[in-house]
Amino acid sequence: MSFRTLKAVSGRRSRPAGGVEETVRLGPPRLLRSAGFRFAVLFAAMFTSAAMILMAVFWWATSGALVRQTDAAIRADAIALTERWREAQRLGLIEAIEERLAEDMAGEAIYLLVEAETGRRLAGNLDAWPPGVPQEGGPWFLARVPHDGTPTDARFYLVNLPDLRLLIGRDETERERLQGMLTEGLIWASGAVVAFALLGAWLMRQALERRMRPAFATIAAIADGNLASRVALSGRGDEFDRLAATMNVMLDRIGTLMAGVRGVSDAIAHDLRTPIARARAKLEEALASAPEGTATKEETLRAAVEQGIADLDNISRIFQALLRIAEAEAGARRAAFARFDLPQVLADAAELYEATAEAREQSLTTDLPRRLDLVGDRDLLLQAVANLLDNAIKFTPPGGAVLLSARATEGWVEIAVSDDGPGLAPEDRVHAGERFFRADRSRGTPGSGLGLSLVQAVASLHGGELRLEDAAPGREPPGLRATLRLPLP
Amino acid sequence: MRILLVEDDAEVARFVRKGLQEAGHTVEHAANGRDGLFLAASEQFDVLVLDRMLPGGVDGVRLVETLRSQGHRAPVLFLSALSAVDERVKGLKAGGDDYLVKPFAFAELLARVEALGRRPAVDAPATRLKVADLEIDLLSRTVSRAGRRIEVQPREFQLLEHLMRHAGQVVTRTMLLEKVWDYHFDPQTNVIDVHVSRLRQKVDKGFDRPLIHTVRNAGYMIRAEP
């Protein structure tokens, strides 16, 4: 079997990477290197060995049993005849042999009784001492003797009496025939076993390859730049499906990371250009329109430069916020998770904003549990809560109240910031977490439209969510209640 | 102060150097890590200002690690375009004393360099700090001005303590956020201003001579002279 070298998949050409055309080997690997082949060979070997053991047992139980049965019968006969000789001497023995031969319908029994010294035949159905059988020793012998006129394989047992030699035998023709049939059957069966083993191995290898193919195809597609490609599941829920599902989760994760990067570049393209263009226009205008009178000119230019620096600082701040959001969304900071005391962090945040609220004649109150451990990124959570407080204070009129509360409910902790502001229209709530989204009502207030995006990103980084609802439904204005719901460790 | 600046970007280096010289400091400049390490190891400096990413095999972190392993203790300020929290932690762990993300306002850099260069001597732990007639007791954590006791909240005390430890120096808003509140991000509205103005209400109101001054485009300073 040879492997094919495919240039990625389908008709699209793979993009050259660094000038070198990248190729992806898609076809099956060389036979001996193939894991499928090795599994298949292992399978065939196991299957064949099992079958061989089975056949050996079968052989022992059938053919072996026949032999043992014949031997037992001969031995019993020998004991009986020896007994008879003891009781009735030579004549009795001759009589017993004659009797047995007369009774033997199947014609399997062979006897020969001779005088030990002269070798004279006294009884039995053999004419002479068979050539292959010695006079002494044994007692078991195999020999070919003429029986009923035809040469026959027989099994003999030699009994030496004081002046007699008795040979007891059984015709083996029937047993040999049975054994022959059995052997033939087993040979055929072995052939079938090997054939099945090979077929099974081949099928196994095919199945393995078929199950791996979607994963290969997906990886090749990804390598070609089609990041949306996912491994198709068979629905069986087996190891391959689990592997495929794990791969898909990994690919989703990479996709999210890529989307984060793309999100930032989009944001840079769309939303940083605007303030940059504005700053540039202002500077240019100042340069062009500054009157030639020295004092005024200098003043105008100075003001424009100061404004330009402020604009740049603002752009830099937006940039920083975008990077933070991307950092949280990418989940890269999950490695830095640690256990911390949540109420302490919340109290710190409230303390930082309390002075601002007071300066705007608002009251900022907290309702926090004594102690509540959370595992997460303290800095990011602090910033998320700070953003919520910042929003609440910004939108609450003088005299209003802002409440920061936290409580644990089975498995979750809810950090909520409620305000007395105008609230958020239900249709705007869905968009509140999007970058640069600003509700119509908030356009007059300062802000970048990134605050809630960060809160949302921090929530999902911790496996939680951000909920926005009316703080006091039915009241006018309803106020906004932003709840950060995070799972407890 | 004698300051070593290791920065590969010529424009940034020129701007920082000029600014520091105008503020009355002597500045040596190296454009790569190798030269920077050589200078830092062979001469005495009060503060090192290092770019985090430098050409020439020796980056800012390596430079500091090498210096510290040789026993050099000069305070180090990192300048970096890497803003991720981990990067800041990495820089400080390597032996840096402060971390400033690019782009920065020069006033911010100057304030931080001066704060690093004039750190109080370790062998004389002060128990009282005094600026003109304003006095704070670090043990009993009390504040008094002209003999009159002023009640402050714990955080206000920390704020005042930080300003007084750097009396005569500019302390920027981000420095206060980092050192007093342990916040390492930029809050959208200027929460610090409100805290300082509240402190100012308590410390300066009713006295002829204000001690807490706002330095335009930079931050705050506590000083005796008007």
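The model is predicted: local features need pLDDT of at least 70, side-chain atom pairs count only at pLDDT 80 or more, and totals for chains, interfaces and linings use all residues. Residues are numbered from 1 along each chain as its sequence is written, and chains are lettered from A and ligands numbered from 1 in the order in which they are written.

**Stop 1: chain A**

Select chain A. It has eight helices and 14 strands. Helices (H or I, at least four residues) and strands (E, at least two) are DSSP runs, numbered from the N terminus. Of the 489 residues in chain A, 25% are buried. A residue is buried if 20 or more other C-beta atoms lie within 10 Å of its own, exposed if 12 or fewer, and partly exposed in between; the C-beta atoms are placed from the backbone.

Now look at contacts. Two residues are in contact if their C-beta atoms, placed from the backbone, lie within 7 Å. Among contacts in chain A between residues at least 6 apart in sequence, 61% join residues at least 24 apart.

**Stop 2: the nonpolar cores**

Select A349(A), V385(A), L389(A) and V458(A). In the largest nonpolar core, of 106 residues, these touch the most other members. A nonpolar core is a set of buried Ala, Val, Leu, Ile, Met, Phe, Trp, Tyr and Cys residues joined through C-beta atoms within 7 Å. Helix α6 (residues 378-395) of chain A gives the most to this core, with 11 residues. Center on V385(A). Leaving aside neighbours within four places in sequence, V385(A) is in contact with L346(A), A349(A) and I415(A). Another core lies apart from the largest one; it has 21 residues, among them W85(A), L126(A), L158(A) and I168(A).

**Stop 3: the five-stranded sheet of chain B**

Move to chain B. Find the open sheet with the order β2-β1-β3-β4-β5 and parallel pairing. Strands pair if DSSP finds at least two bridges between them. The edges are β2 (26-30) and β5 (98-101) of chain B, each pairing on one side only. From one strand to the next, the twist averages 20°.

Select residues 47-51 and 76-80 of chain B. These are β3(B) and β4(B), which pair in the parallel sense over four bridges. L50(B) stands opposite F78(B). Four bridges also join β4(B) to β5(B), again parallel. Here the bridge partner of F78(B) is Y99(B). The chain gets from β4(B) to β5(B) through α4(B), and this β-α-β crossover is right-handed. That is, with the strands pointing away from the viewer, the path from the first strand over the helix to the second runs clockwise.

Which residues of β5(B) point one way, and which the other? D98(B) and L100(B) point one way, Y99(B) and V101(B) the other, and all are buried.

Angles run from 0 to 180 degrees between N-to-C directions, with axes as lines fitted to C-alpha atoms, for helices over the stretch in contact.

**Stop 4: the three-stranded sheet**

Stay in chain B. A second stop is the open sheet β10-β12-β11, with antiparallel pairing. Its edge strands are β10 and β11 (212-215) of chain B. β10(B) and β12(B) pair over two bridges, and T172(B) stands opposite G219(B) in β12(B). α6(B) packs on this sheet, touching β10, β11 and β12 of chain B, at about 75° to β12(B). α8(B) lies across β11 and β12 of chain B, running at about 145° to β11(B).

Select V170(B), in the loop between α6 and β10 of chain B. Is V170(B) buried or partly exposed? It counts as partly exposed because it has 19 C-beta neighbours inside 10 Å. The C-alpha atoms of V170(B) and M221(B) are separated by 4.9 Å, though the two residues are 51 apart along the chain.

**Stop 5: α7(B)**

Select residues 173-180 of chain B. In this helix, T174(B), M175(B), L176(B) and V180(B) are buried. Their cover includes α5, α6, β10, α8 and β12 of chain B. Just after α7(B), D182(B) takes a positive phi of about 60°.

**Stop 6: where the chains meet**
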